[in-house]
Amino acid sequence: LPCTPAEIVVSAIEAWHEGASIAHCHTRGANGERIYDKTMFTEIKAGIESQTDLIVNLTTSYYPPMTQDQRFEVLELQPEMASFNSGSLNFGDLGIYENSPAFMKKMAEQMLEYNVRPEFEIFDVGQIGNITRLIEQGLFKPPYLFQFVMGPKGAMPADAELLSLAVRMLPPQSQWLAIGVGRKQLEMNALSILWGGHPRTGFEDNVFYQKGEIATSNAQLVARVKRLALELGRPVATPTQARAMLGLTTQKTA
């Protein structure tokens with residue numbers, strides 16, 4: 001896994017060359033564990049933006065011993081996009097992943113203040129309603145980007161019928177992606193392409209290229225999805241085209 005800021009930047013550049021338009025980034029410790037480090041986020045963002053036209057999407061996830069307030073700090077870096085966790089859940093064996101209504105409202109307000117486009121992380125279909133209510137309060141502007149997180153313990157399973165239901169529940173002017181964790185990654189990639197969504201791939205979701213074979217890089221996984229999209233008649237968007245679809249007007253500079 002790429003762990004240092006320099007390694008993560010190189011991995012993003014490689015994925016960009018293979019057709020990626022968005023780089024979703026976390027920070028990692030020396031042993032590969034997920035950590036929160038604002039300085040590392042700053043380096044990652046600057047490195048990617050100085051060498052590519054990728055849309056940088058930073059995580060607002062929680063990792064102990066973070067405080068809730070620290071989850072807002074990456075917005076101060078003004079990435080073009082950041083993840084927006086759309087409700088609480090029992091996340092695997094880690095305990096309760098808390099995203100209370102008050103927390104979500106504050107996150108929405110902060111994203112408006114810093115002009116950061118949210119990527120709504122939907123762990124269960126009921127969380128679509130959480131976002132719809134915030135839209136009705138004027139806290140989000142279209143177009144919207146929903147990401148269905150399917151397959152982790154505690155989240156909705158990676159199931160085709162459930163994905164179909166979730167897509168039908170989306171508000172107008174919505175784009176969507178679907179995550180398939182582990183062995184379901186490629187299946188969800190294919191369904192996303194076939195059903196008019198957008199595929200996400202990479203080591204956060206699955207480190208295997210196929211059963212028994214570890215992927216060599218994020219770029220290898222991206223290249224496969226690009227080939228699949230082209231075979232299925234879905235042209236792959238450039239970062240400029242993706243910005244137009246997502247209502248992002250200009251690339252931000254480091």
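1. Arg34, Arg200, Glu204 and Asp205 are linked in a network of salt bridges. The model is a predicted one, and the structure holds eight salt bridges.

2. Arginine 34 is partly exposed at 31% relative accessibility, and glutamate 204 is partly exposed at 33%.

3. Glutamate 204 also forms a salt bridge with arginine 200, at 2.9 Å, N to O. Arginine 200 has a relative accessible area of 11% and therefore counts as buried, the cut-off being under 20%.

4. Another salt bridge joins the side chains of lysine 38 and glutamate 76 (2.6 Å, N to O). Lysine 38 lies in helix α2 and glutamate 76 in the loop between β4 (55–58) and β5 (81–85), so the bridge ties together parts 38 residues apart in sequence. Lysine 38 is partly exposed at 27%, as is glutamate 76 at 41%.

5. Helix α1 (residues 5–17) has 13 residues and should span 18 Å at 1.5 Å a residue; its end C-alpha atoms are 19 Å apart, which agrees. Its buried residues, among them Ile8, Val9 and Ile13, pack against β1 (22–25), α2 (38–51) and α7 (218–231). Just after α1, glycine 19 takes a positive phi of about 120°.

6. Leucine 194 belongs to helix α6 (residues 185–194) and is exposed, with a relative accessible area of 53%.

Conventions: Residues numbered from 1 in each chain as written. Predicted model: local features only at pLDDT ≥ 70, side-chain atom pairs only at ≥ 80, totals over all residues. Heavy atoms only, no water. Helix = DSSP H or I, 4+ residues; strand = E, 2+ residues; numbered from the N terminus. Expected span 1.5 Å × (residues − 1). Buried < 20%, exposed > 50% of the residue type's maximum accessible area, 1.4 Å probe, protein only. Contact = heavy atoms within 4.5 Å. Salt bridge = Lys/Arg side-chain N within 4 Å of Asp/Glu carboxyl O.
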